[in-house]
Amino acid sequence: MTILVTGGTGTLGRDVVRALPEARVLSRSSGETRGDLLTGAGLADALAGVTVVVHCATTLGRKDVAATENLVAAARRAGSPHLVYISIVGVDRVPLPYYRAKLAVERLIEASGLPYTILRATQFHQLIAKLFDMQRLLLLYPSFSFQPVDTETVARRLAELAAGPAQGRVPDLGGPTVRTARDLAGQYLAATGKRAVRVPVRLPGKTFAAYRRGDHLAPDHADGKVEFAAYLADR
Ligand SMILES: NC(=O)c1ccc[n+]([C@@H]2O[C@H](COP(=O)([O-])OP(=O)(O)OC[C@H]3O[C@@H](n4cnc5c(N)ncnc54)[C@H](OP(=O)(O)O)[C@@H]3O)[C@@H](O)[C@H]2O)c1
């Protein structure tokens with residue numbers, strides 16, 4: 001089995017590469033195996049002889065669709081490897097522009113003719129921590145909950161899926177506990193020793209209504225083992 005990890009230099013991708021140390025990496029900054037999914041540069045070389053692609057690269061926006069179109073076209077030319085894609089819980093329910101792009105990517109992979117597996121995960125611990133890291137004095141938090149998961153657990157699951165047959169959409173993967181953003185902000189302040197006043201933010205609109213309903217959560221798949229507080233203590 002020859003595996004290519006796109007986005008293997010990213011937050012999740014680095015853990016996927018740790019779980020699959022023999023894998024080839026494709027990103028714009030991955031040294032000799034670098035390539036660009038948007039221009040198509042380096043894709044043919046990166047995919048030569050590959051039997052599984054774990055697709056973790058993201059442009060964090062709408063361009064994910066064009067990037068994945070290029071990946072799929074190059075993969076077809078390279079003998080149609082199994083494509084394992086990481087998506088986000090609720091991409092079909094939360095109308096955030098990035099989620100709409102991820103849903104469009106899921107659809108194009110489903111229609112690609114390639115054997116594929118799609119795993120949706122909840123928010124990573126790093127994302128929630130980053131939300132708080134950016135703030136000072138006031139710690140604004142949204143008035144809804146998260147179920148953050150550690151990227152090692154997600155990476156191990158992707159490695160397991162990469163080793164098996166194509167399964168289509170597989171059950172979602174969530175962190176161990178659904179917690180209010182207020183609680184998570186409290187854990188952040190306790191772990192970092194920062195002093196800031198927590199301030200709830202409630203925004204109008206369909207996106208925030210979907211988050212308030214918990215459309216981005218997967219309480220029935222609380223498979224992660226690492227709590228946000230443990231992640232913070234360890235980072
Ligand atoms: N963050 C979350 O909470 C969360 C939750 C669930 C699922 N996910 C999904 O998990 C995946 C990984 O997220 P992440 O947070 O690890 O992302 P990240 O840290 O932003 O990493 C993105 C990766 O994509 C690569 N990349 C960007 N543009 C590229 C291009 N044009 N060509 C080739 N490579 C490119 C980057 O490397 P270079 O810059 O070197 O090119 C980097 O390795 C994404 O699909 C995301 O939607 C994220």
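**Close-up views of a predicted model**

**View 1. Surroundings of T151.** T151 touches T11, L12, D15, F124 and Q126, not counting residues up to four places away in sequence. Contact here means heavy atoms within 4.5 Å. This is a predicted model: local features need pLDDT of at least 70, side-chain atom pairs count only at pLDDT 80 or more, and totals for chains, interfaces and linings use all residues. Residues are numbered from 1 along each chain as its sequence is written, and side-chain values use heavy atoms, with hydrogens and water left out. T151 sits in helix α6. Helices (H or I, at least four residues) and strands (E, at least two) are DSSP runs, numbered from the N terminus. T151 is buried, at a relative accessible area of 3%. Buried means under 20% relative accessible area, exposed over 50%, and partly exposed in between (1.4 Å probe, protein chains only).

**View 2. The second largest pocket.** The volume of this pocket is about 230 Å³. Its lining consists of D15, H125, Q126, D150, T151, E152, V226, A230, Y231, D234 and R235. Two or more lining residues come from each of α5 (125-133), α6 (151-163) and α9 (228-234). α9 gives the most, with 3 residues. By class, the lining splits into 3 nonpolar, 3 polar and 5 charged residues. Ala, Val, Leu, Ile, Met, Phe, Trp, Tyr, Cys and Pro count as nonpolar, Asp, Glu, Lys and Arg as charged, and the others, Gly among them, as polar. Pockets and cavities are found on a 1 Å grid over the protein atoms alone. A cavity is a set of points where a 1.4 Å probe fits but cannot get out; a pocket is an open set with protein on both sides within 12 Å along at least five of seven lines. Lining residues have an atom within 4 Å of a point. Grid points are joined across faces, edges and corners, and a volume is the space filled by probe spheres set on the points.

**View 3. The cavity.** The structure holds 1 cavity of 30 Å³ or more. H125, P148, P176, T177, R179, L184, V226, E227 and F228 line the largest cavity. That lining comprises 5 nonpolar, 2 polar and 2 charged residues.

**View 4. The buried face of α5.** Within α5, the residues H125, I128, A129 and F132 are buried. Seen down the axis of α5, these buried residues fall within an arc of 100 degrees, so they line one face of the helix. The arc is that of the directions from the helix axis to the C-beta atoms. Their cover includes β6 (138-142), β7 (145-146), α7 (181-192) and α9.

**View 5. The largest nonpolar core.** This core has 24 residues, of which V16, V54, V154 and L158 touch the most other members. Two or more core residues come from each of β1 (3-6), α1 (11-19), β3 (52-55), β4 (82-88), β5 (116-121) and α6. The largest share, 6 residues, is from α6. A nonpolar core is a set of buried Ala, Val, Leu, Ile, Met, Phe, Trp, Tyr and Cys residues joined through side-chain atoms within 4.5 Å. Leaving out residues up to four places away in sequence, L158 touches L12, V16, V54, C56, V84, I86 and L119.

**View 6. L37 in its loop.** L37 lies in the loop between β2 (24-26) and α2 (43-47). L37 is buried, with a relative accessible area of 9%. Beyond its neighbours within four places in sequence, L37 is in contact with T6, L26, L43, H55, A57, A66, A67, N70 and L71. N70 is 33 residues from L37 along the chain, yet their C-alpha atoms are separated by 6.3 Å.

**View 7. T68 in α3.** T68 belongs to helix α3 (residues 63-77). With 1% relative accessibility, T68 counts as buried. Its contacts, not counting residues up to four places away in sequence, are H55, V105, L108 and I109.

View 8. Most residues other than glycine have a negative phi. L60 has a positive phi near 60 degrees and is not a glycine. L60 is in the loop between β3 and α3, and is exposed, with a relative accessible area of 65%. S80 also is not a glycine, and its phi is positive, about 60 degrees. S80 is in the loop between α3 and β4. S80 is partly exposed, with a relative accessible area of 30%.
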